[in-house]
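Morning, everyone. Please look at the model on the screen while I talk.

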Amino acid sequence: MAVPSVFLVMVSGQIESAEFPEFDDIYCKYCFSYGLDWAMTSGLEESITQVTKKSQDQYKRFVWNFPIDATFKSTSPAGWPQLVVYAYGLDAFGTDVIRGYGVCHVPVTPGRHRLRIPMFVPESSSLLQKFTAWVLGRRPEYVNPRVVAQGEGREVTRVRTQGFLVVSLNVIMKDMKKLGYDVLPSDVQNPTIPDSVTKTTVGAS
Amino acid sequence: MAEVHVIGQIVGASGFPKHSLFCKWGVHCGGAWKILSGLREGQTQVDNPESEDAAYFAHPIDIHFATKGIQGWPRLHFQIWHQDSFGRNELYGYGFVHIPTSPGTHEIDCNTWRPIGSFMESVSQFFLGGGPHLKNPDLIYSGADRYRLQTVAMGTVHLRLGIILRNFDKFGIEC
């Protein structure tokens, strides 16, 4: 039987809700960011939710209940997909301004995961810029939202965390074990030692 | 060769005196280990949060190791720095944590500490900032000369790491 060359990761979930204590009228967009070994086989790469107002009770939550469905294939776990969510809201003058970027990896274990991710915005460099941004409605934004999914170049950014987003993701994988990858501790409980291994040195530094 | 994938993020930090923070992180591993892809060190964004109880970095970590032996399992080490409104940086803590050895998703809290000097030095630190730093940052993750240090506890770094292992069961390793 041929060993498969790719494994599949399927994510189905939703952008559930968010807390932004100071703002109202918010909508989200999301996109996936993944490495060069990965390809998306089905689902939307990017999408946009409805605009919602916060709840009238003491919790003041924004609820979208927005579905996320995506399937990825890859030959290697490096570059594992990340979900980048960015929320926009209306400011006092009625323009769309960015209210937060958030990022999380698609979980690497199959099952249901409910994640609360912080949402942050880039900060203006000076007080004058902050005032101009507030007056003109042009707040600092990232040119490419996928930059929050990368590690390089983050050290020069200053941000402000303004809220949290709750996202729940159900993950299924196919053929990871056939390619030798273990994602759960129970996978490693039945070790087998093939003959070829006794001829090589293993375990000693 | 056995392989380890570390896929996750440095979520944030809490429990520090002030929360306008950034984190410098790095990975250190033994001689049998090799990094096939991914950054081995970096520095996160500076977060100045609205709510003052925690700073959030959301800094992705995606490292692919290959190894010929289990000694020298990799560790992540951190330096948490505070940046004030004038842009000055002050060291707030050192910490390290081993990459988990079992596959799955792990939520990890790493406690941090910082070195303190004499009484006069801590008085001057209170008014002027600054304070002692480690001359050799290897001491963050090694135990060799630690007995010389006097330290005080600082806050906690929060991580969410997913670990995928490959071929460990073929070598008879149980983890």
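Let me start with a term: contact means heavy atoms within 4.5 Å. This is a predicted model: local features need pLDDT of at least 70, side-chain atom pairs count only at pLDDT 80 or more, and totals for chains, interfaces and linings use all residues. Residues are numbered from 1 along each chain as its sequence is written, chains are lettered from A and ligands numbered from 1 in the order in which they are written, and side-chain values use heavy atoms, with hydrogens and water left out.

Now, Asn167(B). Leave aside its neighbours within four places in sequence. Then Asn167(B) is in contact with Gly180(A), Met1(B) and Ala2(B). Asn167(B) sits in the segment after β10 (151–166) of chain B. Helices (H or I, at least four residues) and strands (E, at least two) are DSSP runs, numbered from the N terminus. Is Asn167(B) buried or exposed? Buried, with a relative accessible area of 15%. The cut-offs: buried is under 20% relative accessible area, exposed is over 50%, and partly exposed is in between (1.4 Å probe, protein chains only). The side chain of Asn167(B) also makes a polar contact, at 2.9 Å, with the side chain of Lys170(B). A polar contact is a pair of N or O atoms within 3.5 Å; within protein, one must be able to donate a hydrogen and the other to accept it, and residues adjacent in sequence count only if both atoms are side-chain atoms.

Stay in chain B for Thr156(B). This residue is in strand β10 of chain B. Thr156(B) is buried too, at 17%. Beyond four places in sequence, its contacts include Gly12(B), Phe16(B) and Asp109(B).

Next, the interface. The contact takes 53 residues from chain A and 45 residues from chain B. About 4000 Å² is buried between the two chains, and carbon and sulfur atoms give 54% of that. Buried area is the accessible area (1.4 Å probe) that two parts lose on being put together, summed over both. How many salt bridges are there between chain A and chain B? Two. A salt bridge is a side-chain nitrogen of Lys or Arg within 4 Å of a carboxyl oxygen of Asp or Glu. Asp169(B) and Lys177(A) meet in a salt bridge, 2.9 Å from N to O. β9(A) gives the largest share of the side of chain A that touches chain B: six residues.

So what surrounds β9(A)? This strand is largely enclosed by the rest of the structure, because 12 of its 17 residues are buried. Two strands pair if DSSP finds at least two bridges between them. β1(A) and β9(A) run antiparallel, joined by 11 bridges. There, Gly13(A) stands opposite Leu169(A). β8(A) joins β9(A) by 12 bridges, again antiparallel. Here Arg116(A) faces Val166(A). Val159(A) has Asp47(B) as its bridge partner.

Last, the cysteines. There are zero disulfides over all chains. A disulfide is a pair of cysteine sulfur atoms within 2.5 Å. Cys29(B) is buried at 13%, while Cys175(B) is partly exposed at 23%.
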